[in-house]
Amino acid sequence: MITFYWYPKCGTCRKAKKWFDEKGISYQEIDIAQSPPSKNELETIYKKSGLPLQKFFNTSGMKYRELGLKDKVKQMSEDEMLALLVSDGMLIKRPIAFDGQRATIGFKEENYQSFWA
């Protein structure tokens, strides 16, 4: 089962959800703003994704800019980044789709096709 962290007001998230629905792929949806992943969950997703942890930040979000994180993130430890990310779901790039073994962050149809179809 795919766990799908999304934000219902996000257009990119709605496109990803529509893609799953059109393909008939079942998933468990979680509103990332209401229920962000725990630190352990996010660490697992990050490690399984193969991506650098910095890629998990929603760099176009207001919260990211308000906190001036562009330069701060480069100086942070992995533990500090994880703690900051889970402190506010709006800091996390979305959507995240995770099946326990693989993860995608954001939505690109070609990635979803190769990962989830």
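Mentor: What follows looks at one helix pair, then at a pocket and a salt bridge.

This is a predicted model, and the part to look at is the meeting of helix H2, residues 39-49, with helix H5, residues 78-87. Two packed helices are described by the angle between their axes and the distance between the axes. Here the axes come within 9 Å and cross at roughly 120 degrees, and H2 passes H5 in a right-handed crossing. On the H2 side the contact is made by Lys39, Leu42, Glu43, Tyr46 and Lys47, while H5 contributes Glu78, Asp79, Leu82, Ala83, Leu85 and Val86. Taken by class, the residues of this contact between H2 and H5 divide into six nonpolar and five charged, with no polar ones.

The largest pocket holds about 570 Å³ of space. Its lining is made up of 24 residues, and those nearest the centre of the pocket are Lys55, Lys93, Arg94, Ile105 and Gly106. Helix H3 (62-66), strand S4 (103-105) and helix H6 (109-116) are the elements that each give two or more residues to this lining. By class, the lining of the largest pocket comprises 10 nonpolar, nine polar and five charged residues.

As for charged pairs, nine salt bridges are found in a search of the whole structure. One joins Asp21 to Lys17, with their closest N and O atoms 3.7 Å apart, and both of these residues belong to helix H1 (residues 11-23), where they sit four residues apart, about one turn of the helix.

Definitions and conventions:
Residues numbered from 1 in each chain as written. Predicted model: local features only at pLDDT ≥ 70, side-chain atom pairs only at ≥ 80, totals over all residues. Heavy atoms only, no water. 1 Å grid on protein atoms, 1.4 Å probe; cavity = no way out; pocket = protein on both sides within 12 Å on 5 of 7 lines; lining within 4 Å. Points joined across faces, edges and corners; volume = space filled by probe spheres on them. Nonpolar A, V, L, I, M, F, W, Y, C, P; charged D, E, K, R; others polar. Axes fitted to C-alpha atoms, helices over the stretch in contact; angles between N-to-C directions. Left-handed = near helix turned anticlockwise from the far one by under 90°. Contact = heavy atoms within 4.5 Å. Salt bridge = Lys/Arg side-chain N within 4 Å of Asp/Glu carboxyl O.
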